Amino acid sequence: MALPSEMKALLLVGDGYTRTPSAGALEAMEPYLRPGSVALPTPGPTQALIKVNLASINPSDVAFIKGQYGQPRVQGRPAGFEGVGIVVATGSDPYAKSLEGKRVAFATGVSNWGSWADYAVAEAASCIPLLDTVRDEDAAAMIVNPLTALAMFDIVKHEGDKAFIMTAGASQLCKLIIGLAKEEGFRPIVTVRREEQIPLLKGIGAAHVLNEKAADFEAALREVMKAEQPRIFLDAVTGPLASAIFNAMPKRSRWIVYGRLDAEPTIIREPGQLIFQHKHIEGFWLAEWMRQFRDRLGPAVLEAQKRFSDGRWSTDVTTVVPLDEAMARLPAELAKPNGKVFIKP
């Protein structure tokens, strides 16, 4: 097919990293992105050029455009880590060539040619050929949340205790984990910021849902911790909330941090817990898990596709924003609870 010489994209304003902490919300677009046109990129030998059907927006995207992610920005390149589309050109690598014409879920990773654009570049190894039964809305969010859900729930299962706790309980990721937990008889405890989210999450399998904004939150938290004794804490928030949860957890607990939605300082209330109660704090980064556990990646990808195909999993969609409306609309759309926002070129 004939390809254009230029494409439209949301381009990064900043370069590298920032030293200025910021919360996880996207308060405005202009400090971080600008609309523009750039030359159509040429895929490298092991890469694929993808005509984007739909691009996902994750908290990691917001952290990245603000310069607070574990990967440096490249000024003037398109943002966006994840999406779905058709492979329209590839490099010379045989596996890359085999993807031509296929619909794939993809992660842009280190290519620095993101998905918030007409076209994106991804390593062929990070492109997932899709079953016809997977919707674009699920495919565009196929990698970051589903693979993280499967990987982190494996940690929960390996620990052995049935109860575990998560912050940002109404996020798409937590909903996927709640579904996995319900199937296998585990008891997720989750925190939320809105009272109306409580029946929704209990309805899909959460054992306890605690409103962190409630006046009696810490008392309720201590009561649940005493009753359930969870030893795995999956945390997307950090800050004072996470400090309170970790402080209330029993001996030999593991605090696994995978996001920083709260820019407030994260204080260890009693450092002696690390010494005398054998508590641990660690991080989880999906990119590192994918490098470390390559043998698990194929089965995890197939499992995610099957779950989306048969209805056990489904992506809750807040809205789909056209690319040319994204600068005006994205902050307000992302502030809405309970669903994902997508960009459509």
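P94 is exposed, with 63% relative accessible area. This residue belongs to helix α2, which covers residues 94–98. The model is a predicted one. From P94, look across to P265. The two prolines are 171 residues apart in sequence. In space, their C-alpha atoms are 49 Å apart.

Now take a buried residue. V237 has a relative accessible area of 10%, so it counts as buried. It is found in the loop between β11 and α8. Set aside the neighbours within four places in sequence, and V237 is in contact with T167, A168, G259, R260, L261 and D262. I189 is 48 residues away from V237 in sequence, and the C-alpha distance between the two is 15 Å.

The loop that holds V237 runs on to α8. Helix α8 covers residues 239–248. How many of the 10 residues in α8 are buried? The count is 7, and the helix is mostly covered. The buried residues are G239, L241, A242, S243, A244, I245 and F246.

Like W255, F246 is buried. K279 lies over the face of the F246 ring, 4.9 Å from the ring centre.

Searching the whole structure gives 9 aromatic pairs. One of them joins Y69 and F81. Their ring centres are 5.2 Å apart and their planes meet at 45°, so this pair is tilted. F81 is buried, because its relative accessibility is 9%. F246 and W255 form another pair. Their ring centres lie 4.9 Å apart with planes at 40°, so this pair is tilted as well. Together with F64 and W285, they form one aromatic cluster.

Next come two helices. Helix α5 spans residues 172–183, and helix α6 spans residues 197–204. Their axes are 9 Å apart, and the helices pack at an angle of about 40°. Why is α5 called oblique to α6? The angle of about 40° makes it so. Which residues of α5 and α6 meet? From α5 come K175, I178 and K182. From α6 come L200, L201, G203 and I204. By class, this contact has 4 nonpolar, 1 polar and 2 charged residues. An α-helix has 3.6 residues a turn, so residues three or four places apart point the same way.

T315 is found in the loop between α11 (294–310) and β14 (317–322). Its relative accessibility is 5%, so T315 counts as buried.

Two loop residues remain, and the backbone is the point of interest. Q229 is not a glycine, yet its phi is positive, at about 55°. This residue is in the loop between α7 (217–228) and β11 (232–235). With 32% relative accessibility, Q229 counts as partly exposed. R252 also has a positive phi, near 60°, in a residue other than glycine. Where is R252 placed? It lies in the loop between α8 (239–248) and β12 (254–257). R252 is partly exposed, with a relative accessible area of 47%.

Terms used: Residues are numbered from 1 along each chain as its sequence is written. This is a predicted model: local features need pLDDT of at least 70, side-chain atom pairs count only at pLDDT 80 or more; totals for chains, interfaces and linings use all residues. Side-chain values use heavy atoms; hydrogens and water are left out. Rings of Phe, Tyr and Trp (its six-membered ring) pair if their centres lie within 6.5 Å; planes under 30 degrees apart count as stacked, over 60 as edge-to-face and the rest as tilted. Buried means under 20% relative accessible area, exposed over 50%, partly exposed in between (1.4 Å probe, protein chains only). A charge sits over a ring if NZ of Lys or CZ of Arg is within 6 Å of the ring centre and within 35 degrees of the ring normal. Axes are lines fitted to C-alpha atoms, for helices over the stretch in contact, and angles run from 0 to 180 degrees between N-to-C directions. Helices (H or I, at least four residues) and strands (E, at least two) are DSSP runs, numbered from the N terminus. Angles under 35 degrees count as roughly parallel, over 145 as roughly antiparallel, 65 to 115 as roughly perpendicular and the rest as oblique. Contact means heavy atoms within 4.5 Å. Ala, Val, Leu, Ile, Met, Phe, Trp, Tyr, Cys and Pro count as nonpolar, Asp, Glu, Lys and Arg as charged, and the others, Gly among them, as polar.
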